Amino acid sequence: MRRIALPDEMPHNGLGDAAMARARSTENVVVGDEIVRERLSARVVHWAVAVTFFVCLFTGLPIWTPYLGFLATLFGGLHVCRLLHPWAGIAFAAASVLMFVQWVSQMRLTPADREFLTPRGLLRYFQYRNDDVEVGKYNGGQKLLFWAAALGAAGLLATGLVMWFPLAFGQRLREASYLLHDVAFSLFFAMIIGHIYLGTAAEPGTLRSMVRGTVTKSWAQLHHPRWYREVTSDQPKR
Ligand code: HEM
């Protein structure tokens, strides 16, 4: 873990610029009062997943039910949605593979994460009473989201391919794929609503880690105390 030494007299916008420069290529470094949490490539991959996910969703919903047919006007009609949806699905799957590769080494569940994921741990988290000082860079819930997203993307791709090339597969598999594709996207969508809520309104200061790449030291100390200790351990005492 490294720290960028900054002269005391450096103006505040100077800190921001230095943090931004570091956030382009590296992470887990302290720059003034900020910590670089996600490098530029990680943020680009995350937003590629998010954008392709929503294109899949908004082209898929009007195909799924006529009640949501009005969404097709966003793309120029139902016919365009039918053409676009499978290709958006391929783009989403490809972006998800990149996201998997970039984060998999940091998302292994530890015994501390399993404690976080017990009903007691989750209740304390949602009551904002989680004082577990062992929460690292990602908490148990974030790791679970990562694995669920990977599994969900694989399931959506597999069932989507069966529906895209129906004649290549048997009737049983086709019928199962229709059902599983609908179940998978419904669960995925519900999970992403929760993810967006936690990443924005519920925990102010989080979204900037995916926009600027940095978080404040106080945010890190509050939500990810072990990560904060690890990143700041080589800081000189004042
Ligand atoms: C508008 C939509 C989205 C917003 C606002 C959003 C926001 C965020 C934020 C702020 C983080 C960083 C959390 C942190 O640093 O502690 C994050 C991480 C992450 N996002 Fe998203 N996200 C969105 C869509 C998605 C989608 C569609 C996926 C689908 C797979 C996804 C998967 C992830 C994963 C796996 C992580 C890393 C684990 C975590 O921090 O939860 N995100 N997102």
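Visitor: Hi! Over which residues does pLDDT stay under 50?
Guide: That would be residues 5-11. This is a predicted model, and for that stretch it has four contacts beyond four places in sequence.

Visitor: OK, and what does the protein chain average in pLDDT?
Guide: The average is 90, and 91% of the residues score at least 70.

Visitor: Good to know. How many helices and strands are there in the protein chain?
Guide: You'll find 10 helices and four strands. Going along the sequence, their pattern reads β-α-β-β-α-α-α-α-α-α-α-β-α-α.

Visitor: And what box do the C-alpha atoms fill?
Guide: Taken along the principal axes, the box is roughly 70 × 40 × 30 Å. As for burial, 24% of the 238 residues of the protein chain count as buried.

Visitor: What share of the contacts with a separation of 6 or more comes from residues 24 or more positions apart?
Guide: Those account for 60% of them.

Visitor: Which domains is the protein chain divided into?
Guide: Domain 1 takes in 1-37 + 213-238, domain 2 covers 40-106, and domain 3 runs over 107-202.

Visitor: How many residues of domain 1 are in contact with domain 3?
Guide: Four residues of domain 1 are, and they meet five residues of domain 3. On the domain 1 side, two are nonpolar, one is polar and one is charged.

Visitor: Let's switch to the ligand. Which residues come nearest?
Guide: Ala50, Gln142, Ala149, Gly199 and Ser209 do, out of 19 residues around the ligand. H2, helix H6 (140-164), helix H7 (171-199) and helix H8 (208-211) are the elements that give two or more residues to that shell.

Visitor: How do the residues of that shell divide into nonpolar, polar and charged?
Guide: There are 11 nonpolar residues, seven polar and one charged.

Visitor: Now the largest nonpolar core: which residues touch the most other members?
Guide: Val49, Cys56, Phe92 and Ala95, in a core of 16 residues. The elements giving two or more residues to this core are H2, H3, H6 and H7, and H2 has the largest share, with five residues. This core too lies between domain 2 (40-106) and domain 3 (107-202), because both give residues to it.

Visitor: What is Phe92 in contact with, leaving aside neighbours within four places in sequence?
Guide: Phe92 meets Val49, Thr52, Phe53, Cys56 and Ala153. Away from that core there is a second, separate one of 12 residues, with Ala19, Ala23, Ile35 and Tyr228 among them.

Visitor: One more residue, please. Where is Phe75 found?
Guide: Phe75 sits in the loop between helix H2 (40-64) and helix H3 (78-103).

Visitor: And what does Phe75 touch?
Guide: Not counting residues up to four places away in sequence, Phe75 touches Thr59, Val80, Cys81 and Leu84. Its C-alpha atom is separated by 9.4 Å from that of Val55, which is 20 residues apart from Phe75 along the chain.

Visitor: Why does Phe75 count as partly exposed?
Guide: Phe75 has 19 C-beta neighbours inside 10 Å, and a residue is buried if it has 20 or more, exposed if 12 or fewer, so Phe75 falls in between.

Key:
Residues numbered from 1 in each chain as written. Predicted model: local features only at pLDDT ≥ 70, side-chain atom pairs only at ≥ 80, totals over all residues. Contact = placed C-beta atoms within 7 Å. Domains from an automatic or database assignment. Nonpolar A, V, L, I, M, F, W, Y, C, P; charged D, E, K, R; others polar. Near = placed C-beta within 6 Å. Core = buried A, V, L, I, M, F, W, Y, C linked by C-beta atoms within 7 Å. pLDDT = per-residue confidence, 0-100.
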